[in-house]
Amino acid sequence: MSYDDVEIEDMEWNEELQAFTYPCPCGDLFQITKEELKIGEEIARCPSCSLYITVIYNMEDFMGDSDRNSKKNLEPSKQQPVAVA
C-alpha cells in the first residue's frame, strides 16, 4: 500500500537528480523521472527505505508531440467498401 497520494504539482523538479521529488519521512526523497511518467509509471520510490507514493498526474502533460502523433497513428483505419466484379 502506498504511503500517500501526491499531486505532481506538489512535487519539486530536482535538476541534479533529473527527477520529480517529494520529502520522505525517513529524511530522503521520493523520486520519479519524466521518462517514467511518460510510460505511465505512477509510483515514486524512496531510495533509502521501502516507502513509496502514488503520483497523481495527467499523462498527456508528459507526452511530446511525436508521442501524441504516434498514438493517433495507432487508431484503426476506417474500412473502405470494395467493389467486386
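## Confidence

Helix H2 (residues 65–73) has the lowest mean pLDDT among the elements of the protein, at 47, while S4 has the highest, at 98. This is a predicted model. Its mean pLDDT is 84. Of its residues, 76% reach 70 or more.

One stretch needs care. Over residues 67–75, pLDDT stays under 50. For these residues the model has four contacts beyond four places in sequence. Where pLDDT is low, the predicted coordinates should not be read in detail.

S3 and S4 pair in the antiparallel sense. Four bridges join the two strands. Phenylalanine 20 stands opposite isoleucine 32 in S4. Five residues lie between the strands of this hairpin. Glycine 27, in the hairpin, takes a positive phi near 110°.

## Two faces of S4

Strand S4 covers residues 29–32, and its side chains alternate. Phe30 and Ile32 point to one face and are buried.

Which residue other than glycine has a positive phi near 55°? That residue is glutamine 18. Glutamine 18 is found in the loop between strand S2 (12–14) and strand S3 (19–23).

Glutamine 18 has a relative accessible area of 38%. Buried means under 20% and exposed means over 50%. Glutamine 18 therefore counts as partly exposed.

Notes:
Residues are numbered from 1 along each chain as its sequence is written. This is a predicted model: local features need pLDDT of at least 70, side-chain atom pairs count only at pLDDT 80 or more; totals for chains, interfaces and linings use all residues. Side-chain values use heavy atoms; hydrogens and water are left out. Buried means under 20% relative accessible area, exposed over 50%, partly exposed in between (1.4 Å probe, protein chains only). Two strands pair if DSSP finds at least two bridges between them. pLDDT is the predictor's confidence in each residue, from 0 to 100. Contact means heavy atoms within 4.5 Å.
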